[in-house]
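Please have the sequence and the structure at hand.

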Amino acid sequence: MTTTGTFEALFTLSVDMLCVAGYDGYFKRLNPAWNRTLGFTEAELTAKPYLEFVHLDDRAATLAEAEKLGQGETTIYFRNRYQCKDGTYKWLAWTAMPAPAEELIYAVARDVTQSVQAEADLKKAHLEAATQLASLIAVIDAIGEGVVLLDRQRRVAHWNKEASRLTGIQTEQALGQSMSDVGEMLRPRVDDYPTLQAHLASAGGPEFEGFHFSVITLQPHRELEVVVSPAVLAPTGDQVGAVLVIRDVTAAKELDRAKDELTAMVSHELRTPLASVVGFTELLLTRTLAEAQKHEYLETILIEGQRLTALINDFLDLQRMEGGYKRLDLAPCDLRAIMIRAATQMGDDPKSPIELDVPTDLPLVLADSSATVQVLTNLLANARKYSPAGGRIQVAARVKESAVEVSIHDHGLGIPPEALPKIFSKFYRVQTPDRRAIRGTGLGLAITRRIVEAHGGSIAAESDGIGKGSRFFFTLPVAGDAVQITDVLVVEDDAGFARLVEAELAIKGLTATWAPDAESGQQLARTAKPRAIVLDLILPGIQGEDFLAEIRASLGSSLPVVVVSVKELEADATLALRSSGTTLVLKKHAGAPREAADWISGSLTSRAVAQ
Amino acid sequence: MNETEADSNAPTVIIADDEPSVRLLVQATVAQDNLRVIEAEDGDEAWALIQQWRPKVVLLDVRMPGRTGLEILSAIKANSNLAETRVILLTASAAESDIAAGLAAGADAYLTKPFSPRELLARLDEALWL
């Protein structure tokens, strides 16, 4: 066989697609593999420029590759798509070299459609897996619980931020470590290292069932609950790793303990007075007693019964505060008026007089006036109670930053230093012989603190020790931004009625500011510049009539005023009120708030028209 | 300290409770018996009186200022001079753990508040004469 003949035979036999193409863009010769792969005959393939068989998207790249060949470069593994006779395309991978002298290109192509497809599928699968993993990691990191993933070799493959926070081990330190290494890192931080290590050994072991265990960490003290689950590959049932979920149960455990302790305390506090009620009643029923004795026993039963009642009331009060059932009706308040009211409520006691030292220019505070009175009377009652020998009780107020601080200073028994941090705790009572005869539920200061804190204020106590008196301080926020220019000032001590009037005024497009008493109303009348007033006649301090007289004197007779009252006024008084731009609405009927709003809206509109 | 009138041979009972009404109730309950009843207002006073009087029976409130009832109970059990002294705990905590702790520490009996005066007398009789 000649060399040419040999080449010719190999050319025909090759399973790869061999061809010769011209610089003119036409195939010159093609072997039979072309026909087998694409379905076109050699005649069909040589009839048109080869570019016409190339997929539209691949033509530019093919042209560029041909130009490179024209400049003498070789092509190694260039890929493009060729059309088949049935209209489908096949991926071809090319190796080609130019023969510049003859202006020809010698080329070998191979059908790589399947591997290109496989490659694309693989890429897609990789991307999907990476996307899934990324979302999974994002979920794991965002979760509020510590999550640790162990790989097939039971080494740490992932350690989320919460796991770092709870254990103090950073992700970088943990990754790749075995469970016993992790245990070793935790050694100085846990209270029971051997038990922890035993649990971690099971989690890091070959095959295991899901289980959970507790860890107590030191500095900071935390109680952790760890749930360990094997990661199982569904089709085979192989354990391919493990997941540890670490949960911080410190707060929940503390809450449980606090609840148990409270229950025990309440039970104890209820049983003690009940012992007298039950015991003396039995004695009265079963024994013949002298009148004096009967009287003494009955008196004890009464006192202890009253003590039970006070205890239940205080306890429910506290529960309402803590459970958030008791809502504060906040309004800009004149604290001075509230302090005077509380002092008046306490009554005169020449042995321990209450002395108020309150500036007249205090800013309004944002407070619930009746709750604030309760805070003051609680503290004043304590001041008197724990001053058995009497002594002045000095009450003062001053501005402190964006709050007003009230202080109550007595000259009584004082508070031992070790008791100071505990006196606001439930059921805590100072136990010194000098106050053994003084009764109390141990809840008053706890209630007082709750009220102050619900206002956003704070409370504290000071004492120079036993026999040196006590000083209590609490703060209430200055009303500040809560006092704005308003259309209508509602002076009304009933929060519910005031809110209804506000709602009716809002329907008319009018803004309103609520003042819970006349004293607050006087200040608001100056600062909030109302265009109308809704006024209740019966108020806690200064009465509505006096307030109205002052308003008329300062703001003139033209200001529209709605007087709401439960009491029928004398006919001529009503007339007098009417004649000076005032109307009367009786609170008794349900439409009273709307009636008031209608009248105000009407008189403000007619005024605007008149101008 | 509050002491009832009784003849000098009458057995001594100390009642330690910070609640005056409970002390009064104990006094009233045993008024018809020939007993010398001594009151203590807190744990420290109780311990001093117990050492001084070596009473036949001590009624101890568990939770009171100063030494607790359980602390005094342990001190009594550890003191050979007080081997004859019987201890009845008066507890306002009905928790079983407290009762168990009291009995484990060697209390002869316990009463949970509120208690029946008849029940108290029965426990006292057992402690005095058994």
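## Interface area

In this predicted model, chain A and chain B bury about 2,100 Å² between them, with 57% of that area on carbon and sulfur atoms. On the side of chain A, the residues that lose the most area to chain B are A:Arg271, A:Arg287 and A:Arg436, which together account for 30% of what that side buries.

In terms of contacts, 22 residues of chain A meet 23 residues of chain B.

## Polar and charged pairs

Two salt bridges are found across the interface of chain A and chain B. A:Glu282 forms a salt bridge with B:Arg118, and their closest N and O atoms are 3.2 Å apart. Seven residue pairs are in polar contact across the interface of chain A and chain B, both residues being at pLDDT 80 or more.

Helices α10 (250-286) and α11 (291-322) of chain A each supply at least two residues of the side that touches chain B. The most comes from α10(A), with 13 residues. By type, the residues of this side of chain A are seven nonpolar, seven polar and eight charged.

## Strands in chain B

Strand β4 (residues 86-91) of chain B pairs with β5(B) in the parallel sense, over four bridges. Within this pairing, B:Leu90 stands opposite B:Leu111 of β5(B).

Side chains alternate along β5 (residues 109-112) of chain B.

## Hairpin in chain A

Strands β1 (residues 17-22) and β2 (residues 27-30) of chain A run antiparallel and are joined by three bridges. A:Cys19 stands opposite A:Leu30 in β2(A). The two strands form a hairpin with four residues between them, and A:Gly25 in the turn has a positive phi of about 95°.

Terms used:
Residues are numbered from 1 along each chain as its sequence is written. Chains are lettered from A and ligands numbered from 1 in the order in which they are written. This is a predicted model: local features need pLDDT of at least 70, side-chain atom pairs count only at pLDDT 80 or more; totals for chains, interfaces and linings use all residues. Side-chain values use heavy atoms; hydrogens and water are left out. Buried means under 20% relative accessible area, exposed over 50%, partly exposed in between (1.4 Å probe, protein chains only). Two strands pair if DSSP finds at least two bridges between them. Contact means heavy atoms within 4.5 Å. Buried area is the accessible area (1.4 Å probe) that two parts lose on being put together, summed over both. A salt bridge is a side-chain nitrogen of Lys or Arg within 4 Å of a carboxyl oxygen of Asp or Glu. A polar contact is a pair of N or O atoms within 3.5 Å; within protein, one must be able to donate a hydrogen and the other to accept it, and residues adjacent in sequence count only if both atoms are side-chain atoms. Ala, Val, Leu, Ile, Met, Phe, Trp, Tyr, Cys and Pro count as nonpolar, Asp, Glu, Lys and Arg as charged, and the others, Gly among them, as polar.
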